[in-house]
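Please open the model in a viewer and keep the selection tool at hand.

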Amino acid sequence: ILGLIENSSGGARRAAILTDNNLISYYFEDAKTLYEVFQRGLHASGNGNCLGYRKPNQPYQWLTYKQVLDRAEYLGSGLLQKGCTPSSDQFIGIFAQNRPEWIISEYACYTYSMVAVPLYDTLGPEAIVYIVNKADMSVVICDKPEKAQILLENCERGKTPCLKTIILMDLFDKELNDRAAKVGVEILALQEVEHISWYSCIQDLSGF
């Protein structure tokens with residue numbers, strides 16, 4: 001953690017590593033983007049533990065840097081297979097609480113130069129409608145079916161015509177899928193999207 005000190009004016013603060021008033025864009029030559037920062041962590045840690053998670057009163061379970069990187073690349077590639085473009089103009093919504101899949105989804109975007117946009121239900125339903133439309137989001141990744149239902153309600157009311165795909169981290173039932181289909185929205189499981197590029201690679205290798 002960088003220490004902070006007061007400057008000569010006694011007001012603003014700056015990082016202690018600064019030798020002058022010029023802002024630092026990056027600290028390491030090989031870590032100028034968020035994707036490169038993750039790659040540096042992979043090599044610097046020797047593929048050490050990256051994401052930890054646990055259930056109440058249970059020990060932490062860990063994903064290594066390589067496991068996270070692989071899943072992020074698979075998910076990002078799957079998003080491209082579903083029509084997303086590797087561009088800073090491609091916005092992907094993430095509507096979920098903190099969990100490993102949140103970070104994996106975020107880094108899937110960074111891996112393919114897309115932009116991850118957090119959505120929060122605490123801001124109220126109209127804020128979600130505003131953000132989805134403002135960013136022209138065609139894809140939103142959710143953690144729970146209940147949040148997918150919030151998004152579908154907006155679609156049913158004609159408030160978010162741009163939304164075409166909802167990707168769920170948790171399991172969902174056929175009823176939710178049928179409801180989405182009525183408004184032209186596709187519901188997919190996160191792992192299903194991760195596997196799209198894997199299946200595509202297998203088919204290419206087998207010559208189908």
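In this predicted model, begin by selecting Arg71, Arg99, Glu101, Leu168, Met169, Asp170, Leu171, Phe172, Ala189, Leu190 and Gln191, which line the second largest pocket. Its volume is about 210 Å³, and its lining comprises six nonpolar residues, one polar and four charged.

Next, select the lining of the largest pocket: Leu51, Gly52, Tyr53, Arg54, Lys55, Gln61, Leu63, Arg71, Asn98, Arg99, Pro100 and Glu101. This pocket has a volume of about 310 Å³. Strands β3 (49–53) and β4 (61–64) and helix α3 (100–111) each contribute at least two lining residues, and β3 gives the most, with three. By class, the lining holds four nonpolar, three polar and five charged residues.

Now turn to the aromatic rings, where the count is five pairs. Select Phe38 and Tyr107: the ring centres are 4.7 Å apart and the planes stand at 45°, so the pair is tilted. Because Phe38 belongs to helix α1 (residues 34–44) and Tyr107 to helix α3, this pair ties together parts 69 residues apart in sequence. Phe38 is buried, at 7% relative accessibility, and Tyr107 is buried at 14%.

Tyr110 is partly exposed, at 22%.

Finally, select two charged residues placed over rings. Arg40 lies over the face of Phe28, 3.5 Å from the ring centre; Lys147 lies over the face of Phe95, at 5.4 Å.

Notes. Residues are numbered from 1 along each chain as its sequence is written. This is a predicted model: local features need pLDDT of at least 70, side-chain atom pairs count only at pLDDT 80 or more; totals for chains, interfaces and linings use all residues. Side-chain values use heavy atoms; hydrogens and water are left out. On a 1 Å grid over the protein atoms alone, a cavity is a set of points where a 1.4 Å probe fits but cannot get out, and a pocket is an open set with protein on both sides within 12 Å along at least five of seven lines; lining residues have an atom within 4 Å of a point. Grid points are joined across faces, edges and corners, and a volume is the space filled by probe spheres set on the points. Helices (H or I, at least four residues) and strands (E, at least two) are DSSP runs, numbered from the N terminus. Ala, Val, Leu, Ile, Met, Phe, Trp, Tyr, Cys and Pro count as nonpolar, Asp, Glu, Lys and Arg as charged, and the others, Gly among them, as polar. Rings of Phe, Tyr and Trp (its six-membered ring) pair if their centres lie within 6.5 Å; planes under 30 degrees apart count as stacked, over 60 as edge-to-face and the rest as tilted. Buried means under 20% relative accessible area, exposed over 50%, partly exposed in between (1.4 Å probe, protein chains only). A charge sits over a ring if NZ of Lys or CZ of Arg is within 6 Å of the ring centre and within 35 degrees of the ring normal.
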